[in-house]
Amino acid sequence: MTTITFIHPDNRSESVDAEDDTSVMLAALTHGVDGIVAECGGNAVCATCHVYIHEAWAGKLDPVSDDEDTLLDGTASERLPNSRLSCQIKITPALDGLVVRLPERQS
Amino acid sequence: MNPTDVSASSDAPAGAGTAIPQLDIDPFAIGFFDDPYPAHQEMREAAPVIYLHKWNVYGVARYAEVYAVLNDPQTFCSSRGVGLSDFAKETPWRPPSLILEADPPAHTRTRAVLSQVLSPAVMKQIRDRFMSAAEAKVDELLARGRFDAITDLAQAYPLSIFPDAMGLQAEGREHLIPYASLVFNAFGPPNELRKQAIERSAPHQAYVTAQCQRDALTPGGFGACVHAFADKGDITAVEAPLLVRSLLSAGLDTTIYGIGAAVYCLARFPDQWERLRQDPSLARNAFEEAVRLESPVQTFFRTTTREVELGGCRIGEGEKVLMFLGAANRDPRRWDAPDRYDITRKVSGHVGFGYGIHMCVGQLVARLEGEAILTALARKVATIAITGPVKRGYNNNTLRGLESLPVTFTRA
């Protein structure tokens, strides 16, 4: 199990134990964390699982693919340098302690 | 091939080849269209994989198996057709789609182009236009009071916005719905619906073929955007019109059925309608939940590229597998109170738009149209009452929806 912490726009934080080989998006949905919509279910179509990665983790994730980069241009809340789509972040033990901030809006 | 023979064969690998029940169900018959839910339940409860001897196909109706098939495009391919017709054995009725009826790696390239044409960023650009058109349509309907929610709303709204967004010429648009209807009928078996649709198809095909050409498309529309990718070298000039054709095939009728489904749900579930009026920001999820519950696209086929074990059942190579998307979307193994329309349901993961690499490439346009109409309804309409006989459509092998829904709106 890998612990992922979601920080809501009102600064409330929720930590979940995510199963490896799933995704940060799926961890939120499975554990009932609001704020991740994931309309397309993780198929890299919709940009409604947008998160901001905590600075401490910025360089530790796999880089953004071209597909994800295109989708991030369409996020409902502002795209920032630390914006990612949570469906594209695979859960591995190396991500234990990852902190992500949820945007105001997903659509 | 008889599935009972498959399961009984002596060379079946250990642990594989659980008996596959044969069911006497024709999912492309009028009686089935009338009320598919008892048959959906029978198929779901019978086994993870079933066999329908009427058309000699395997079927999956549970969420887990539908999901598994959608997520394994190498084993369950699309290039042999996503209807009953096997392109390895029969000549397709039209040149195959370069995206729907293609497998990776060919599919990856064309999919990338349409994904960019219909990206979230593009949706931001068209959003205001779609929202104002929905408000204008609802204002017009409120002025009328009583009307048909299928023809005057579910059809009229997409027709007022989508052909222009595509960049289509004004002439000939009456072919769009018949062409889409033809495409979705043609996924079905060689029954009367399919035969008649193809017999009458020539003028609709001629219109669409001409309308997909570069010089027939207005600059700035989705169609012209597809052609622009030919200039960049991502696709060829020959491929571009066929990719425009995909948008015309799948971009209109589906949203008509989706909006019709959503209005029908809101008219039948007054508590959910009230909830939407209280919080119009639920409009987008209310549309999504209607797509789950009603599943406007009911079925798609895949073809096995090898022998495969699915849900403990063994299926040979070259077999057609029919996915019951509508049954999966109401599988109680996956959904709580699956027959209930709940606009706050966490609906992510439903297969109403498919799933995996072939998941509807135009889903963002569909959602934008649905959100726009439901937002306008929630803000402007007080009550939706069904005030005449509700008529189901029986004219399509794949799409499920109403033909007529007489309603009366009162102003908020």
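Biologist: Before we start, which pLDDT do local features need here?

Modeller: Residues are numbered from 1 along each chain as its sequence is written, and chains are lettered from A and ligands numbered from 1 in the order in which they are written. This is a predicted model in which side-chain atom pairs count only at pLDDT 80 or more, totals for chains, interfaces and linings use all residues, and local features need a pLDDT of at least 70.

Biologist: What radius of gyration does chain A have, and why is it called as compact as a globular protein of its length?

Modeller: The radius is taken over C-alpha atoms, and the globule rule is 2.2 Å times the number of residues to the power 0.38. For 107 residues that rule gives 13 Å, and chain A is close to this value, so it is as compact as a globular protein of that length, with a radius of gyration of 12 Å.

Biologist: Now chain B. What percentage of its residues count as buried?

Modeller: A residue is buried if 20 or more other C-beta atoms lie within 10 Å of its own, exposed if 12 or fewer, and partly exposed in between, with C-beta atoms placed from the backbone. Chain B comes to 17 helices and 13 strands. Of its 412 residues, the buried share is 52%.

Biologist: Is Tyr179(B) buried or exposed?

Modeller: You will find Tyr179(B) in helix α8 of chain B. Two residues are in contact if their C-beta atoms, placed from the backbone, lie within 7 Å. Leaving aside neighbours within four places in sequence, Tyr179(B) is in contact with His204(B), Val208(B) and Leu248(B). With 22 C-beta neighbours inside 10 Å, Tyr179(B) counts as buried.

Biologist: And where does Arg173(B) lie, and how does it count?

Modeller: Arg173(B) sits in the loop between α7 (149-166) and α8 (176-186) of chain B. Not counting residues up to four places away in sequence, it touches Pro163(B) and Leu168(B). With 17 other C-beta atoms within 10 Å, Arg173(B) is partly exposed.

Biologist: Which strands stand at the edges of the six-stranded sheet in chain B?

Modeller: Two strands pair if DSSP finds at least two bridges between them. The six strands form an open sheet with mixed pairing, in the order β1-β2-β3-β9-β6-β4. Two of them have a single partner strand each, so one side of each is left without a neighbour in the sheet: β1 (22-23) and β4 (76-77) of chain B.

Biologist: How many bridges join β10 of chain B to β13(B)?

Modeller: Strand β13 (residues 406-411) of chain B is also joined to β5 (residues 146-148) by three bridges, and those two run antiparallel. In β13(B), the bridge partner of Val381(B) is Arg411(B). Strand β10 (residues 381-386) runs antiparallel to β13(B) too, and the number of bridges joining them is five.

Biologist: How are α7(B) and α13(B) placed to each other?

Modeller: Two packed helices are described by the angle between their axes and the distance between the axes. Axes are lines fitted to C-alpha atoms, for helices over the stretch in contact, and angles run from 0 to 180 degrees between N-to-C directions. α7(B) and helix α13 (residues 253-268) pack at an angle of about 135°, with their axes 9 Å apart. Angles under 35 degrees count as roughly parallel, over 145 as roughly antiparallel, 65 to 115 as roughly perpendicular and the rest as oblique, so α7(B) and α13(B) are oblique.

Biologist: Last one: which element gives the largest share of the side of chain B that touches chain A?

Modeller: In this interface, 17 residues of chain B are in contact with 16 residues of chain A. The elements of chain B that give two or more residues to it are α6 (120-144), α15 (283-294) and α17 (363-380). The largest share, four residues, comes from α6(B).
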